[in-house]
Number of protein chains: 2
Amino acid sequence: MIKVTKFGGSSLANAEQFKKVADIILADESRRYVVPSAPGKRFAEDVKVTDMLYACYKAAISGQEFEKKFDEIKERYNGIIRELGLDLSLDKEYDAIEAGFKGRAGRDYAASRGEFLNGIILAKYIGYEFVDAAEVVFFNEDGSFNAAMTNQAVRDRLENIERAVIPGFYGSTPNDTIKTFSRGGSDITGSIVAAAVKADLYENWTDVSGFLVADPRIIKNPAVINTITYKELRELSYMGATVLHEDAIFPVRKEGIPINIKNTNAPEDPGTMIVESTSKKPEHIITGIAGKKGFSAVNIEKDMMNSEIGFGRKVLEQFEKNGLSFEHMPSGIDTMTVIVQQSEFESKEQEVLAGIHRNTSPDSIEIEAGLALIAVVGRAMKSAKGTAFRIFEALAKSDVNVKMIDQGSSELNIIIGVHEEEFEKALQAIYSAFVK
Amino acid sequence: MIKVTKFGGSSLANAEQFKKVADIILADESRRYVVPSAPGKRFAEDVKVTDMLYACYKAAISGQEFEKKFDEIKERYNGIIRELGLDLSLDKEYDAIEAGFKGRAGRDYAASRGEFLNGIILAKYIGYEFVDAAEVVFFNEDGSFNAAMTNQAVRDRLENIERAVIPGFYGSTPNDTIKTFSRGGSDITGSIVAAAVKADLYENWTDVSGFLVADPRIIKNPAVINTITYKELRELSYMGATVLHEDAIFPVRKEGIPINIKNTNAPEDPGTMIVESTSKKPEHIITGIAGKKGFSAVNIEKDMMNSEIGFGRKVLEQFEKNGLSFEHMPSGIDTMTVIVQQSEFESKEQEVLAGIHRNTSPDSIEIEAGLALIAVVGRAMKSAKGTAFRIFEALAKSDVNVKMIDQGSSELNIIIGVHEEEFEKALQAIYSAFVK
């Protein structure tokens, strides 16, 4: 059994957190490969080491005095080393980094040193071998990730290493410079390593006990999602839920490796399991709720449109011509609504409307802005009759006006359109109806 | 004030019905122009005069003996004349018709004689002038209706006639033959006359007290719709409700003339008013429910489809290429469902699927047949919050599995997809929830 465990910045922000992380890793010997982030914030007003590195590098290349800034960074690491009581000096690494700053090794190089140094400390602390990500994670000339080459290199390198720490966030280019992942950072490295070694589980340790059923900025103390499928995750993420970046999911998903989101500060919590498919029913019929504001509806009316072959295609073509994707296209009889993102649509609305007029001669077109979309997502909704009823009962009782409803035969989610002002109220109503 | 009143076949099936019709017309002196149908069935197993005429003509042109058949037709009319105690002989007309049959005046000519003769009798009975529709209703060479010419002719002719009977169903061609309307029959003539004389009201007298909220074959004694807008009527009719044919609505709708559906056998009933727009709320929030079986759903799944510009267009294009119109296209996130008529789709499904595969590379496509669509229609639904809740509550309590939901921002109707076997149950549930 092999587990790849990734730890986020807050899990490694100081010596105290390092101790928790070490306890977690050493409690389960299958936790053989560890991917650390750079030290995150220790308290709300603190600065992440990565941001300190960016600032320091910026000063260095503008010819400003940067040594004092760099001393602060060194002190973050030295403090951790001291408190952990490690017999470790990073002076050689600090010198190399300073030289890199002076030699314009790049912003990515600067930022990546946070993970690099943290990896060395963690490896030493838990007695694992340190493997520099620059030697096993590769990018192409064009900056894209080279999956095949990385996969091979990680596998070859780790084949004979029982236990290793591989810092997240970065790799190297064919030009032998350092490059970081643009988004998703260490989550991606962890996923890549897990896929390469064909891990049984990819553990992603953070400072929350899993993904939440709803946005905690809107719903107070929302419940944690126990088990979620990749598909459900994608759906919630598309509708604005903060979850793992798609690029961090793809490598393990391809290999059928589940992901477990865990909380470093409450390791006994089961967290959230992300799986390809499961027979486990979610606790609340719905798996999650997410939503976004900022949509516009284009309402088109034309007598007999349903029997006009090509009508829908002609309408959508006008959006496409203007480089717009559409979110949904619910329709009645003789009416069709195209839901688009307001910010993208605004500057092109007149071109789109003129195009629709010219090509489909509608009886009327009307634009309604200020809509919010809510997605109620759940694999159990298909077999649970009455889900729509419970949703609309909740909305009716909360006096929310439902502007649009869309549910296809997949029955994995229901999309609801409401006025933006009723968005929070609607989310709360649906959450309470299913989760209490 | 001018009312144009059209009477259906059952309203003029025998002398007793003629007396009711006369009472109705003479009770309101604004009922100046009357459009009669041919005598309909007097009892369930009876034969409509129009069908007798078709059979008689068929016999005549195949050289068979048809005089006995024609005698039966004459006896239908002579019986009415006798029972009404009229001093009227139609012998001259009968002779002309017989000559027309022998001279191959056409199926349309034959059929039209039912209205023609009924018109003469009614005019005599109520003391109105008889105006042959052949002299005022015109078709073009290509068989289409000549609205402009008819409009002018009706107006010119009726300008100096205070009260007239104009038989429905037929007109004449530039070739001086008789042609009938293909569908909608006398309803169309009534509408045309009402529009031409700029009537204040077009009364359409039948044997029911108006349009029903739901199909009486499924719902026992459904309530009558009090007031319905043209748009609502169109929607219910599209979804299978038996109402006036579109061609019968168009002429009066264009002139803003309301239609009143009335019951000859219960003239005190208010019937159904069909109007362009009204501030009158329907009694039950919903105006009507209608539905049809025989739909298939094509479910398409693809990760990130929402952000792919042109995805929807490419899918719909494949249906268009195969000459298929689609009914609805509800979508979730990463999923899209295209609802089509099963009968049209079946023979082309593999071409459509292959086209979608080639052009959009979906993750999966699945076809689900045997769906029924239900439209819940109502202008009051927009302002009544909680309509969706009541619909889905009713469906949930009746254990109906909702396969699809579609409601655009127009909010004038909600479309629901269910399994065909649950169609009747679903209709009954929704009806009971709103109407009791």
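**Chat about the A–B interface**

Modeller: Across the interface of chain A and chain B, 19 residue pairs are in polar contact, both at pLDDT 80 or more. A polar contact is an N or O pair within 3.5 Å; within protein, one atom must be able to donate a hydrogen and the other to accept it, and residues adjacent in sequence count only if both atoms are side-chain atoms. This is a predicted model, where local features need pLDDT of at least 70, side-chain atom pairs count only at pLDDT 80 or more, and totals for chains, interfaces and linings use all residues. Residues are numbered from 1 along each chain as its sequence is written, chains are lettered from A in the order in which they are written, and side-chain values use heavy atoms, leaving out hydrogens and water.

Biologist: Nice! How many salt bridges between chain A and chain B?

Modeller: There are 8, counting a Lys or Arg side-chain nitrogen within 4 Å of an Asp or Glu carboxyl oxygen. One joins the side chains of Glu320(A) and Arg313(B), at 2.5 Å from N to O.

Biologist: And what area is buried between chain A and chain B?

Modeller: About 5,500 Å², with 51% from carbon and sulfur atoms; that is accessible area (1.4 Å probe) lost on putting the two together, summed over both. Ile333(A), Lys385(A) and Ser409(A) supply 13% of what chain A buries against chain B, more than any other three residues.

Biologist: Switching topic: how many disulfides over all chains?

Modeller: The structure has 0, taking a disulfide as two cysteine sulfur atoms within 2.5 Å.

Biologist: Is Cys56(A) buried or exposed?

Modeller: Buried, because its relative accessibility is 0%, and buried means under 20% (exposed is over 50%, partly exposed in between; 1.4 Å probe, protein chains only).
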